Amino acid sequence: MYLADMKKALSNSTVNALLGLLSIKPMSGYDLRQFIPESIGHFWSESYGQIYPTLRRMAEEGLVAKRTETQRGKPDRHVYSLTGAGRERLQQWLELPFAVEVPRNELLLKMFFGAHATSAVNRKHIHTFLEKEERDLQMFTSIAEFLRMRAGDDPQLPYWLITLSRGRHEASGNIAWAHETLEELDRLEQTAPSKSDHNAPKPGIEAHHGA
């Protein structure tokens, strides 16, 4: 029973994400909300509504320590930092096999049923996707350059760059796929039967009526 409970606790993705973020530096719930989009938010989505109750529960379990800072004219600021137990829990989770999740990709869903749409509609979707991936590639490259300048001595930097490298490779691959798909859509449009072909009598029909 203990092992099952421990495995369930270690699989709490929100707790694991917050433990990892707090290993970088102590932060308040607000700090975490601001930090997520510019760090793990590129590959991990977290419910902001879960951050505050999860932090309180983590404090009760001794995984984090809470320090309250009084602010003049503002609500008190609660800053959380990892405890020894929290760091141990983080290390235990890092040693577990990672979960493989099936992604939900609406663009691919639309392409799968693309025969029911016009060529113009399909091309518009791919062009929109291509523009997004080109922006993402530039963004990942810029972030990597910024981190090398600002955090060159941080021992965690090589691991941050590993995740950015994954993003750059994915964006580059998606850009190549988009260009390939546009070429294929052009080919399909050129070889598609015209409307007049659809209205033409099927072979053998005229002979049948003339008999």
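What share of the 211 residues in the protein is buried? In this predicted model, in which local features need pLDDT of at least 70, side-chain atom pairs count only at pLDDT 80 or more, and totals for chains, interfaces and linings use all residues, buried residues make up 25% of the protein, where buried means under 20% relative accessible area with a 1.4 Å probe and protein chains only. Residues are numbered from 1 along each chain as its sequence is written, and side-chain values use heavy atoms, with hydrogens and water left out.

The protein has 10 helices and 3 strands, taken as DSSP runs of H or I with at least four residues and of E with at least two, numbered from the N terminus.

Helix α7 (residues 119-150) packs against helix α8 (residues 157-191) at an angle of about 160 degrees, with axes 9 Å apart; the axes are lines fitted to C-alpha atoms over the stretch in contact, and angles run from 0 to 180 degrees between N-to-C directions. The two helices, α7 and α8, are therefore roughly antiparallel to each other, a term for angles over 145 degrees.

How values were computed. Parallel < 35°, antiparallel > 145°, perpendicular 65-115°, else oblique. Buried < 20%, exposed > 50% of the residue type's maximum accessible area, 1.4 Å probe, protein only.
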